[in-house]
Amino acid sequence: MKAGAVLEIACSDQGVRKSLESVLAPDNEGGPRGLAIELNGEGNRLEIRVGAESPATALSTSLAFLRDIALFQEVWLLSRRKPGRARGARKT
(Lines give C-alpha, C1' and ligand atoms only; values in the text may rest on other atoms or scores of the structure.)
Protein backbone atom coordinates (compact mmCIF):
# COMPACT_ATOMS: atom_id res chain seq x y z
CA MET A 1 0.00 0.00 0.00
CA LYS A 2 1.28 3.47 -0.86
CA ALA A 3 0.29 6.70 0.86
CA GLY A 4 0.84 10.40 0.40
CA ALA A 5 0.33 13.68 2.18
CA VAL A 6 0.45 17.32 1.16
CA LEU A 7 1.19 20.10 3.63
CA GLU A 8 0.48 23.65 2.53
CA ILE A 9 2.14 26.32 4.66
CA ALA A 10 1.33 30.04 4.33
CA CYS A 11 4.18 32.20 5.63
CA SER A 12 3.94 35.90 6.41
CA ASP A 13 6.00 36.76 3.31
CA GLN A 14 8.29 35.34 0.65
CA GLY A 15 11.44 35.95 2.73
CA VAL A 16 10.11 33.87 5.62
CA ARG A 17 9.04 31.14 3.18
CA LYS A 18 12.54 31.02 1.68
CA SER A 19 14.10 30.82 5.16
CA LEU A 20 11.75 28.01 6.18
CA GLU A 21 12.40 26.15 2.95
CA SER A 22 16.18 26.42 3.43
CA VAL A 23 15.88 25.08 6.98
CA LEU A 24 13.73 22.11 5.95
CA ALA A 25 15.51 21.14 2.72
CA PRO A 26 18.87 19.82 4.01
CA ASP A 27 17.23 17.24 6.27
CA ASN A 28 15.38 15.73 3.34
CA GLU A 29 18.29 14.66 1.18
CA GLY A 30 19.12 10.97 0.98
CA GLY A 31 16.04 9.75 2.85
CA PRO A 32 15.08 6.10 3.32
CA ARG A 33 14.04 3.94 0.39
CA GLY A 34 10.37 4.25 -0.44
CA LEU A 35 10.08 7.80 0.89
CA ALA A 36 9.79 10.71 -1.53
CA ILE A 37 9.70 14.33 -0.39
CA GLU A 38 9.21 17.36 -2.60
CA LEU A 39 9.29 21.00 -1.48
CA ASN A 40 7.87 23.69 -3.76
CA GLY A 41 7.67 27.34 -2.87
CA GLU A 42 5.99 30.26 -4.57
CA GLY A 43 5.39 33.67 -3.07
CA ASN A 44 4.63 33.21 0.61
CA ARG A 45 3.39 29.61 0.21
CA LEU A 46 5.35 26.41 0.74
CA GLU A 47 4.00 23.05 -0.37
CA ILE A 48 5.48 19.84 1.01
CA ARG A 49 4.55 16.59 -0.74
CA VAL A 50 5.28 13.30 0.98
CA GLY A 51 5.02 9.93 -0.73
CA ALA A 52 5.65 6.71 1.17
CA GLU A 53 5.20 2.97 0.97
CA SER A 54 2.98 2.95 4.05
CA PRO A 55 0.44 5.29 5.66
CA ALA A 56 2.41 5.20 8.93
CA THR A 57 5.55 6.50 7.21
CA ALA A 58 3.63 9.25 5.40
CA LEU A 59 1.99 10.32 8.65
CA SER A 60 5.14 10.22 10.79
CA THR A 61 7.08 12.18 8.16
CA SER A 62 4.32 14.79 7.97
CA LEU A 63 4.29 15.10 11.77
CA ALA A 64 8.07 15.54 11.77
CA PHE A 65 7.70 18.39 9.27
CA LEU A 66 5.01 20.02 11.41
CA ARG A 67 7.25 19.82 14.50
CA ASP A 68 10.15 21.36 12.56
CA ILE A 69 7.88 24.12 11.25
CA ALA A 70 6.61 24.89 14.77
CA LEU A 71 10.21 25.08 16.03
CA PHE A 72 11.16 27.38 13.14
CA GLN A 73 8.22 29.63 13.96
CA GLU A 74 9.19 29.84 17.63
CA VAL A 75 12.82 30.66 16.83
CA TRP A 76 11.77 33.18 14.17
CA LEU A 77 9.40 34.92 16.58
CA LEU A 78 12.05 35.02 19.31
CA SER A 79 14.60 36.47 16.90
CA ARG A 80 12.20 39.32 16.09
CA ARG A 81 11.62 40.24 19.76
CA LYS A 82 13.18 43.53 20.81
CA PRO A 83 16.33 43.16 22.94
CA GLY A 84 16.09 43.87 26.63
CA ARG A 85 12.57 42.50 27.10
CA ALA A 86 12.13 39.02 28.44
CA ARG A 87 9.28 36.92 27.14
CA GLY A 88 6.15 37.74 29.08
CA ALA A 89 7.85 40.64 30.90
CA ARG A 90 5.60 43.52 31.86
CA LYS A 91 6.45 47.18 31.56
CA THR A 92 6.60 48.96 34.92
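Among the contacts in the protein chain with a separation of 6 or more, 62% link residues 24 or more positions apart; a contact means heavy atoms within 4.5 Å. The model is predicted: local features need pLDDT of at least 70, side-chain atom pairs count only at pLDDT 80 or more, and totals for chains, interfaces and linings use all residues. Residues are numbered from 1 along each chain as its sequence is written, and side-chain values use heavy atoms, with hydrogens and water left out.

The protein chain has two helices and three strands, arranged along the sequence as β-α-β-β-α. Helices (H or I, at least four residues) and strands (E, at least two) are DSSP runs, numbered from the N terminus.

Two strands count as paired if DSSP finds at least two bridges between them. Isoleucine 9 has leucine 46 in E3 as its bridge partner, and isoleucine 37 has valine 50 in E3. E2 and E3 form a hairpin with two residues between them, and glycine 43 in the turn has a positive phi of about 60°.

Arginine 49 counts as partly exposed because its relative accessibility is 38%; buried means under 20% relative accessible area, exposed over 50%, and partly exposed in between (1.4 Å probe, protein chains only).

The count of salt bridges comes to two. Glutamate 21 and arginine 17 also meet in one (2.6 Å, N to O). These two residues lie four apart in helix H1 (residues 14-24), so about one helical turn separates them. Both glutamate 21 and arginine 17 are buried. Over the protein chain, 22% of the 92 residues count as buried.

Helix H2 (residues 55-80) contains leucine 63, which is partly exposed because its relative accessibility is 41%.

Terms used: Salt bridge = Lys/Arg side-chain N within 4 Å of Asp/Glu carboxyl O.
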